[in-house]
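I opened the notebook to look up a few points in this structure and to write down what I found. The entries follow the order in which I checked them.

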Amino acid sequence: MAKLSMAASNDLCIMAIVVLAAVAAAVGDGEAAAVEHTFIVSEMKMTHLCNETLVSVVNGQVPGPAIEVTEGDSVTVHVVNESPHNITIHWHGLKQRLNCWADGVPMVTQCPIRPGHNFTYRLNVTGQEGTLWWHAHVSCLRASLHGAFVIRPRHAAYPFPKPDREIPIVIGEWWNMNLAQLAKNMEDGYYDDSSSATTINGKLGDLYNCSGVGEDGFVLDVEPGRTYLLRFVNAALYSEYYVKIAGHEFTVVGADANYVRPFTTDVVTIGPGETLDALVVANATPGRYYMVAVGGQAPKPDIQIPETRSRATVRYAVGAGNGDEAPPPVDPEMPDQHDYMVSFNFHGNLSSLSRPSSPPVPATADESLFVVLRMGSICRRGRLSCKRSGSKESIIVETMNNVSFQLPAAAAATPLLEELYYDHHRHNGTAGGDGSGLDQLYTLPDRPARPFNYTDRALIPWGPNEAWLEPTEKAAVARRFRHGAVVDMVFQNAAVMDTDNHPMHLHGHDMFVLAQGHDNYDAARDVARYNLVDPPLKNTVLVPRLGWAAVRFVADNPGVWYMHCHYELHVTIGMAAVFIIEDGPTLESALPAPPADFPKCDR
């Protein structure tokens, strides 16, 4: 269904040659390899739903190319920006040990790659196995600039039955509108845009049509008795998804590139930014079965968006009862889109698989934060007072402890990470106080200044009940941690104008998910529920609707790391902070100098 503009056709002919030249040059059997890819970012016209749209793509495809490596490999990705947009690429879930320079967050870790320029990312995949992904970290462009990142074990077999085949399943969205315009609308306070369709591996599926002609859908061909490892990625901007395959069950074996204790379920749930690994055995009566993804959303009185849904087909081999005269595919019975307990129960079933290489769970924490996630508002044009509750005089923002993130003014010229590195070396590790972006940071409070009943349902509708809680402020929210500190964070989801769950993503680290719960967190009651034996390790933690999640992480990776909600609207309007991790006492625990070819903001 995609059509390529004539202007881009010659470029793509060259692109095809370049892209197919990704190199994996192994030194020897079982030894680390040097894996090399070239990503050419460009624009092309694609047609879906009778509408031609100009789309930003990597190597002419959506999703972009999958990166497949073995643990311990070195990975080099050359990004060539032939698009009209500033670009960075974030390697979602890669810990980037001592390599914060390659994390790919504009003006936090690097200057963006300007149109007509290029930059080479050098990545380290030591100590990680499983499914991650990569995506643009600029405005809303990750809706089309994304792909899977698969890390396989080097010296040992999988800790589960070896699959006969592995397949990335990337759930995304199709937007008929220009994604740069979508981002501008969000920044201007217009939040009514919705995606035009849900996609599975870039295909809309037969629930959608153009003048009666159905859209193509993804087809997974299987053979009876074989086992398939499905590597799920949620690349959507807006929705958590519930996924089922009619007549089949999933055995979940991994989440966010960490092995979990296997469990069987007929439905998996996956929030934006999350990844899941699940085994499926082709043990049904040969035929065709739909794989359906339905977007979940909070029920009324939350503002409702149109239901998001797509389906692919699991097709048994022809000759096994699946010929031209076969009956139509079987449809699974899907959960209601408003049944958030499906997600709560699924995530509550996750626990780590104990292995010799598993990191120990710290018994206690050095620091504790209680972070309330909620909406607020600020007055337009810098006014000190204004009407609220949806008035045109104010603009809605998302907050962490009632502060909405914005980059400091000085970061328009120099990324925060560069400021930190050179400030440290100019002043022997002490703060310089020289007017840099670091001086404009606002410390994320330990807890909100004004406690209230965070899950009071009366605060959900916009109006007088919640208006007194709306006033907030914008600042460059940050928190500094000494190297090696053990940090506890409780994320409390609040019911102010909105009760969406929040997929909170921490760059550069995994978090132990100690517990989750409904309603208001109560330390006197809930600390006793902490799982200190086998909590799941996640880089993206789904904070449940009208509830909370408690996490613990070790701040042992020096740099400036972004912490944010992975709903695109929420991060765009301020649900974010930067975590500054100080250098350790040795060269092996200190951030090295930036790469020689690091992008500059003035060129």
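Which residues of helix α4 (residues 416-426) are buried? Before answering I noted that this is a predicted model, in which local features need pLDDT of at least 70, side-chain atom pairs count only at pLDDT 80 or more, and totals for chains, interfaces and linings use all residues. I also noted that residues are numbered from 1 along each chain as its sequence is written, and that side-chain values use heavy atoms, with hydrogens and water left out.

**Entry 1, helix α4.** I found L416, L417, E418, E419, L420, Y421 and D423 buried in α4, where buried means under 20% relative accessible area, exposed over 50% and partly exposed in between (1.4 Å probe, protein chains only). Helices (H or I, at least four residues) and strands (E, at least two) are DSSP runs, numbered from the N terminus. When I looked for what covers these buried residues, I found that the cover includes β26 (441-443), β27 (473-481), β34 (559-565) and β35 (576-581).

I counted 7 helices and 35 strands in the secondary structure of the protein chain. Its radius of gyration (over C-alpha atoms) is 23 Å, close to the 25 Å that the globule rule gives for 603 residues, so the chain is as compact as a globular protein of that length; the rule is 2.2 Å times the number of residues to the power 0.38. The C-alpha trace spans about 70 × 60 × 55 Å along its principal axes, and 59% of the 603 residues count as buried. Among contacts (heavy atoms within 4.5 Å) with a separation of 6 or more, residues 24 or more positions apart account for 78%.

I traced an open sheet of 6 strands, in the order β11-β10-β15-β20-β17-β18 and with mixed pairing, where two strands pair if DSSP finds at least two bridges between them. The edge strands are β11 (197-200) and β18, each of which pairs on one side only. Within this sheet I followed β17 (residues 250-255), which pairs with β18 (residues 258-265) in the antiparallel sense over 5 bridges and with β20 (residues 275-281), also antiparallel, over 4 bridges. G254 has Y259 as its bridge partner in β18 and stands opposite D277 in β20. The hairpin formed by β17 and β18 has 2 residues between the strands, and D256 in the turn has a positive phi of about 50°.

Why is β23 (residues 367-379) largely enclosed by the rest of the structure? I found that 11 of its 13 residues are buried, so the strand is largely enclosed. β23 pairs with β28 (residues 485-493) in the parallel sense over 7 bridges, with F491 as the bridge partner of V371. Another 7 bridges join β23 to β24 (residues 394-400), which runs antiparallel to it, and there I396 is the bridge partner of S377.

I placed S310 in strand β22 (residues 309-316) and found it buried, with a relative accessible area of 0%. A polar atom of the S310 side chain lies 2.7 Å from the backbone oxygen of L204, and the backbone oxygen of T198 lies 3.3 Å from a polar atom of that side chain. Leaving aside neighbours within four places in sequence, I listed the contacts of S310, among them T199, I200, K203, G205, L207 and M291.

Technical notes: Polar contact = N/O pair within 3.5 Å; in protein donor to acceptor, adjacent residues only side chain to side chain.
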